[in-house]
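Thanks for making time for this; I would like to walk through one structure with you, starting from a pair of charged side chains and moving on to the packing. Please have the sequence and the model in view.

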Amino acid sequence: EFFIAMIRFASAREIFPNDPDANAWYDRARQKVDEQQQQEVKREVAQAEEEAKQQFIQEQLEKGKKFLEAGRYSEAIVEWQRGLEQDPENELLKTWIAKTENEIIGQVSETLEKARAAEAQNRLTVALEYYDQAIRQGMREDSERQAIEARIAELRRQLTFNDMFRQGLTDYIEKNYAAAMRSFQEALKIVPDDKRVQQYLDDAEARANARILDFPDENFRRRF
């Protein structure tokens with residue numbers, strides 16, 4: 001309407017170039033046309049931005065689903081959270097995140113049960129693998145992750161102790177007492193108050209330092 005009015009006032013101004021009213025109405029109509037054009041541009045920009053946002057959210061949703069199908073739950077959640085940054089109130093993304101977080105909690109809980117069962121059976125290497133798997137599955141609580149990381153460190157320390165003690169026993173049986181001593185000493189660095197290892201170390205040291213002496217004479221030898 002304002003555009004048509006501007007055309008008519010422009011025609012009137014051509015007929016009455018010195019008419020102040022014709023000029024004034026033309027200017028008003030032109031101003032309104034400019035305002036309408038600016039508003040239209042703003043609407044188009046806003047619509048384009050909204051379409052781009054919705055397209056981005058849909059892409060993030062699909063990326064997350066692909067990660068989910070591959071069992072990469074934490075990565076799926078990351079993609080959906082990026083979508084939420086553009087649309088914090090998107091209920092669909094929130095639902096997918098909540099479901100996946102619950103799935104992670106269930107899987108982590110199951111994996112930790114397997115780890116503790118293996119540990120109770122003294123299958124420390126297997127327990128360590130399960131604890132590592134639980135970390136990779138994506139624990140949501142920092143305190144829980146820290147507790148499991150501490151348990152992993154303790155198991156690795158215990159495995160190293162077992163390896164050193166086992167190697168020491170092997171060398172001890174083979175009468176390689178110097179090597180046995182080194183292994184027992186390494187084991188004691190890990191568990192300093194282990195009496196069994198200390199006894200083996202003391203015995204290996206005594207045997208390593210023992211000397212075979214000749215008997216003073218034949219009669220002395222015969223007595224023994």
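Predicted model: local features only at pLDDT ≥ 70, side-chain atom pairs only at ≥ 80, totals over all residues.

**Charged pairs along the helices**

Let me begin in helix α2, where Glu62 and Lys65 lie three residues apart, about one turn of the helix; helices here are DSSP runs of H or I with at least four residues, numbered from the N terminus. Residues are numbered from 1 along each chain as its sequence is written, and side-chain values use heavy atoms, with hydrogens and water left out.

Glu62 and Lys65 form a salt bridge with their closest N and O atoms 4.0 Å apart, the criterion being a side-chain nitrogen of Lys or Arg within 4 Å of a carboxyl oxygen of Asp or Glu. Glu62 counts as partly exposed, because its relative accessibility is 33%; the scheme takes under 20% relative accessible area as buried, over 50% as exposed and anything in between as partly exposed, with a 1.4 Å probe and protein chains only.

In helix α8, Asp203 and Arg207 lie four residues apart, and their side chains meet in a salt bridge at 2.7 Å, N to O. Across the whole structure, the search finds 13 salt bridges.

Staying with α8, which of its residues are buried? They are Val197, Leu201 and Ala204, and since they fall within an arc of 70 degrees seen down the axis, they line one face of the helix; the arc is taken over directions from the helix axis to the C-beta atoms. These buried residues pack against α6 and α7, where contact means heavy atoms within 4.5 Å, whereas Lys195 and Gln199 are exposed on the other side of α8.

Finally, Asp194 sits in the loop between α7 and α8. Asp194 is buried yet has no salt bridge, and the nearest side chain of opposite charge, Arg196, is 4.3 Å away.

Conventions. Helix = DSSP H or I, 4+ residues; strand = E, 2+ residues; numbered from the N terminus. Lys, Arg positive; Asp, Glu negative; His and termini not counted.
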